[in-house]
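Open the model in a viewer with the sequence panel beside it. The stops below are given in the order in which to select them.

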Amino acid sequence: MEKVRLQKYMADAGVASRRKSEELIAKGHVKVNGKLITEMGVKVDNHDRIEVDGVPMEEEKKRYILMYKPRGVISAVSDDKDRKVVTDLLEDDVRERVYPIGRLDYDTSGLLLLTNDGEFANHLMHPRYHVDKTYIAKVEGILTTEEIRKLENGIKLKGYTTAKAKVRVMSKDKKKNSSIVRMVIHEGHNHQVKNMFDAVGHKVEKLSRESYDFLTLDGLVSGQYRDLTRLEVATLKKNQK
Ligand code: URA
């Protein structure tokens, strides 16, 4: 673990918010390795012994959760408009302060990971970490071979060109003028799948994420979640290298 600022470490461990942790430090409630700390800027990691009012701080247990996110829920831990957020779906069995790794749009359903392990989350979200994500999109219209080729080879969007993608038309409904398309991408730009289809003239009507690397939604219905197994966590960490 990389050293982080004391107030961040305390906040991540669930002692108090970052602001409140700064106050605790400034008011002389916090010791690191037996030494009273009142200035900001001290960095710590798991090897440091931190006490708050003489009570040793235990690091919060790491949790790794796979959720089947429903539509109509925000991928965040709070919302300024008071809409439902993914952490509202967690029951009392999850007391750790987990947050989503990346995000799915409000109207997108599917596989979302949540954790309180910052290092793990940062690795998975790093552009260098190429993990395949599979989306199923219901789009307006019928795609031409040329449009599929464009989606697969890379499309110029605002500020970037998409990397190679895999695209398969699963079904077409000529009467309703719509198609179901499976797309596998490894990037994670905001609204990327919708923007890619928009760029070739097909509005996405419905979107869901079916898999994330080797993880699937098997065994879960919308709104449910489960802990990742130790093997799954270890494999995701290994794939990060
Ligand atoms: N791409 C999108 O457009 N939306 C999502 O929620 C995920 C990927």
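**Stop 1: helix 2 and its cover**

Select helix 2, residues 18-26, where Ser21, Leu24 and Ile25 are buried. Viewed down the axis of helix 2, these buried residues fall within an arc of 100 degrees, so they line one face of the helix. Buried here means under 20% relative accessible area, exposed means over 50%, and partly exposed is what lies in between (1.4 Å probe, protein chains only). The arc is taken over the directions from the helix axis to the C-beta atoms. Helices (H or I, at least four residues) and strands (E, at least two) are DSSP runs, numbered from the N terminus.

The model is predicted: local features need pLDDT of at least 70, side-chain atom pairs count only at pLDDT 80 or more, and totals for chains, interfaces and linings use all residues. Residues are numbered from 1 along each chain as its sequence is written, and side-chain values use heavy atoms, with hydrogens and water left out.

Now show what covers the buried residues of helix 2: the cover includes helix 1 (6-12), strand 2, strand 3 and strand 5. Contact means heavy atoms within 4.5 Å. Just after helix 2, pick glycine 28, which takes a positive phi of about 80 degrees.

**Stop 2**

Two strands pair if DSSP finds at least two bridges between them. Strand 2 (residues 30-32) and strand 5 (residues 50-52) are joined in the antiparallel sense over 3 bridges.

**Stop 3**

Move to strand 9 (108-115). Is strand 9 mostly covered or mostly open? Strand 9 is mostly covered, as 8 of its 8 residues are buried. Its pairings can be taken in turn:

- Strand 7 and strand 9 pair in the antiparallel sense over 6 bridges; here tyrosine 68 has leucine 111, in strand 9, as its bridge partner.
- Strand 8 (residues 99-100) and strand 9 are antiparallel, with 2 bridges; tyrosine 99 stands opposite threonine 115 in strand 9.

**Stop 4: helix 6**

Select helix 6 (residues 230-239) and colour Glu232, Val233 and Leu236, which are buried. Down the axis of helix 6, the buried residues fall within an arc of 100 degrees, so they line one face of the helix. Arg230, Leu231 and Lys238, on the other side of helix 6, are exposed. Among the elements that cover the buried residues of helix 6 are strand 7 (64-69), strand 9 and helix 3 (118-125). Strand 16 (215-216) and strand 17 (225-227) are also included in that cover.

**Stop 5: the hairpin of strands 13 and 14**

Select strand 13 (residues 166-173) and strand 14 (residues 178-185), which pair in the antiparallel sense over 7 bridges. Serine 171 has isoleucine 180 in strand 14 as its bridge partner. The hairpin has 4 residues between the strands, and in it asparagine 177 takes a positive phi near 55 degrees.

**Stop 6: the ligand**

Which residues surround the ligand? They are Leu104, Asp105, Thr108, Tyr135, His191, Gln192, Val193, Lys194 and Leu207, each with a heavy atom within 4 Å of the ligand. Helix 5 (residues 192-199) gives the largest share of this shell, 3 residues.

| Residue | Distance |
|---|---|
| Aspartate 105 | 2.7 Å |
| Lysine 194 | 3.0 Å |
| Glutamine 192 | 3.5 Å |

Taken alone the ligand exposes 240 Å², and the protein buries 96% of that. Accessible areas come from the Shrake-Rupley method with a 1.4 Å probe; for residues, only the protein chains shown count as cover.

**Stop 7: glutamine 192**

End on glutamine 192, which is found in helix 5. Glutamine 192 counts as buried because its relative accessibility is 3%. Leaving out residues up to four places away in sequence, glutamine 192 touches Leu157, Tyr160, Thr162, Ile185 and Glu187. The C-alpha atoms of glutamine 192 and threonine 162 are separated by 8.5 Å, with the two residues 30 apart along the chain.

Conventions. Polar contact = N/O pair within 3.5 Å; in protein donor to acceptor, adjacent residues only side chain to side chain.
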